[in-house]
Amino acid sequence: KYGNPTPEIVFDAKNLSGKPIEKIERKIMDLNMIFKDKGASETMDQNQIVYEVDCYFPVENDTEGGLFFGITRIKPGKVGDEYFMTKGHFHSNRDRGEFYWGLEGEGQLLLMDEKRRARTEVIKKGSVHYIPGYIAHRVVNTGDTELSFGACWPSDAGHDYASIEEKGFSIRIVQKNGEQHIIKE
Ligand code: M6P
Ligand code: ZN
């Protein structure tokens, strides 16, 4: 009647640990399409890990009213002059929102609406970010240490990666003369 008890799952700044945790790895070979400098990504080690996600899925995918929980760790690094970042996505069910919160390291959360209007929020230890529905979201590690953040999203949100693979975000974060710059596409 009251559902299943939460299994012994704990998180820290780096990991989710416990039994039913699923792990996702994204390598350079999975991300060639998202970086601006295709030439630079092709010359890199295709097996290099860019980020990892530990997920806890207490209910089936697509369950209405359920929630998912995850920790994402983005390595420090760049492809050409562009910082390592997540693929980024809209939710397939566009009106679903999400929380992100910073655990370790420093970076930028890119937020973009369907009209491609974009803005950024600094993500760092202790920061809380509410991502409303209809807003694409991507995290960029602008630091020289690992950037780790937590996430909680509806189990029926789904990931629409296709729109981002086709058109990308309207802004990118690159390093110029040792400093971060936002460039418009
Ligand atoms: C967060 C959540 C996940 C997402 C992950 C990596 O943990 O938003 O749903 O999968 O970040 O981001 P992406 O899927 O855009 O690569
Ligand atoms: Zn999301």
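In the predicted model, strands S9 (residues 98-104) and S14 are paired in the antiparallel sense, with five bridges between them. Within this pairing, Phe149 of S14 has Gly102 opposite to it. Strand S14 also pairs with strand S5 (residues 67-74), again in the antiparallel sense, and here eight bridges are found. In S14, Ser148 is the residue that stands opposite Arg73.

Strand S14 spans residues 147-154, and seven of its eight residues are buried, so the strand is largely enclosed by the rest of the structure. Buried here refers to a relative accessible area under 20%. In a regular strand, side chains alternate between the two faces of the sheet.

Ligand 1 sits in the largest pocket of the model. Two or more residues of the shell around ligand 1 are given by each of strand S4 (49-56), strand S9 and strand S14. The largest contribution to this shell is that of S14, which gives three residues. The residues around ligand 1 number 14, and those that come nearest are Tyr51, Glu98, Tyr100, His159 and Tyr161.

Polar contacts to oxygen atoms of ligand 1 involve both side-chain and backbone atoms of the protein. From the side chain of Thr72, a polar atom lies 2.9 Å from an oxygen atom of the ligand. Gly88 places a backbone N or O atom at 2.9 Å from an oxygen atom of ligand 1. For Lys87, a backbone N or O atom is found 3.4 Å from an oxygen atom of ligand 1. On its own, ligand 1 has 370 Å² of accessible area, of which the protein covers 98%.

A further position was examined outside the strands. Lys19 lies in the loop that runs between strand S2 (16-17) and strand S3 (21-27). The relative accessible area of Lys19 is 79%, and a residue counts as exposed over 50%, so Lys19 is exposed. Along the chain, Lys19 and Ile9 are 10 residues apart, and their C-alpha atoms are separated by 7.2 Å.

Key
Residues are numbered from 1 along each chain as its sequence is written. Chains are lettered from A and ligands numbered from 1 in the order in which they are written. This is a predicted model: local features need pLDDT of at least 70, side-chain atom pairs count only at pLDDT 80 or more; totals for chains, interfaces and linings use all residues. Side-chain values use heavy atoms; hydrogens and water are left out. Buried means under 20% relative accessible area, exposed over 50%, partly exposed in between (1.4 Å probe, protein chains only). Helices (H or I, at least four residues) and strands (E, at least two) are DSSP runs, numbered from the N terminus. Two strands pair if DSSP finds at least two bridges between them. A residue is near a molecule or strand if one of its heavy atoms lies within 4 Å of it. A polar contact is a pair of N or O atoms within 3.5 Å; within protein, one must be able to donate a hydrogen and the other to accept it, and residues adjacent in sequence count only if both atoms are side-chain atoms. Accessible areas come from the Shrake-Rupley method with a 1.4 Å probe; for residues, only the protein chains shown count as cover. On a 1 Å grid over the protein atoms alone, a cavity is a set of points where a 1.4 Å probe fits but cannot get out, and a pocket is an open set with protein on both sides within 12 Å along at least five of seven lines; lining residues have an atom within 4 Å of a point. A molecule sits in a cavity or pocket if more than half of its atoms lie within 2 Å of its grid points.
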